[in-house]
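Trainee: I have a structure open and a few things to ask about it. Can we go through it together?

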Amino acid sequence: METIVGCNIEMEFHEIDATKTEAAVRVRLHDGTELKAHGVAHRHPDDPAQQRVGEEIAAARALNDLSKQLLDKAGVDIEEVTHVHADLIR
């Protein structure tokens, strides 16, 4: 299998008041496009403090946002060539 291009994804976490975790994700694509996404997790006051779980939830939400942005970008790229609406969200 040949790799033609690659990209790096950077992710940072911020803990706020031990009840909120935010994740910020950034990816730079081979065409120079940079996409940024965010995700948030809130800890219920009755739940034990588990920093890792908050990070996992916030990361999943940020990556979900990023995946939607990538699909939107791919749709626009397809439409620029085909001039036909591309519906990639299913």
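This is a predicted model: local features need pLDDT of at least 70, side-chain atom pairs count only at pLDDT 80 or more; totals for chains, interfaces and linings use all residues.

Trainee: What does Lys73 touch, leaving aside its neighbours within four places in sequence?

Mentor: Lys73 is in contact with Leu29, Asp31 and Thr33, once neighbours within four places in sequence are left aside. With Asp31 there is a polar contact, side chain to side chain, at 2.8 Å.

Trainee: Is Lys73 buried or exposed?

Mentor: Buried, because its relative accessible area is 17% and the cut-off for buried is under 20%.

Trainee: Which helix is Lys73 in?

Mentor: Helix α1, which covers residues 51–82. From first C-alpha to last, the 32 residues of α1 reach 46 Å, close to the 46 Å expected at 1.5 Å a residue.

Trainee: Which residues of α1 are buried?

Mentor: Gly54, Ala58, Ala59, Ala62, Leu66, Lys73 and Gly75.

Trainee: And what do the buried residues of α1 pack against?

Mentor: Three strands: β1 (9–16), β2 (20–28) and β3 (34–42).

Trainee: What happens just after α1?

Mentor: His83 takes a positive phi there, about 60 degrees.

Trainee: Switching topic. Where is His14?

Mentor: In strand β1. His14 counts as partly exposed because its relative accessibility is 40%. Setting aside neighbours within four places in sequence, His14 is in contact with Lys20, Thr21 and Glu22.

Trainee: How far apart are His14 and Ala60?

Mentor: They are 46 residues apart in sequence, and 15 Å apart in space, C-alpha to C-alpha.

Definitions and conventions. Residues are numbered from 1 along each chain as its sequence is written. Side-chain values use heavy atoms; hydrogens and water are left out. Helices (H or I, at least four residues) and strands (E, at least two) are DSSP runs, numbered from the N terminus. Buried means under 20% relative accessible area, exposed over 50%, partly exposed in between (1.4 Å probe, protein chains only). A polar contact is a pair of N or O atoms within 3.5 Å; within protein, one must be able to donate a hydrogen and the other to accept it, and residues adjacent in sequence count only if both atoms are side-chain atoms. Contact means heavy atoms within 4.5 Å. The expected span of a helix is 1.5 Å times one less than its number of residues.
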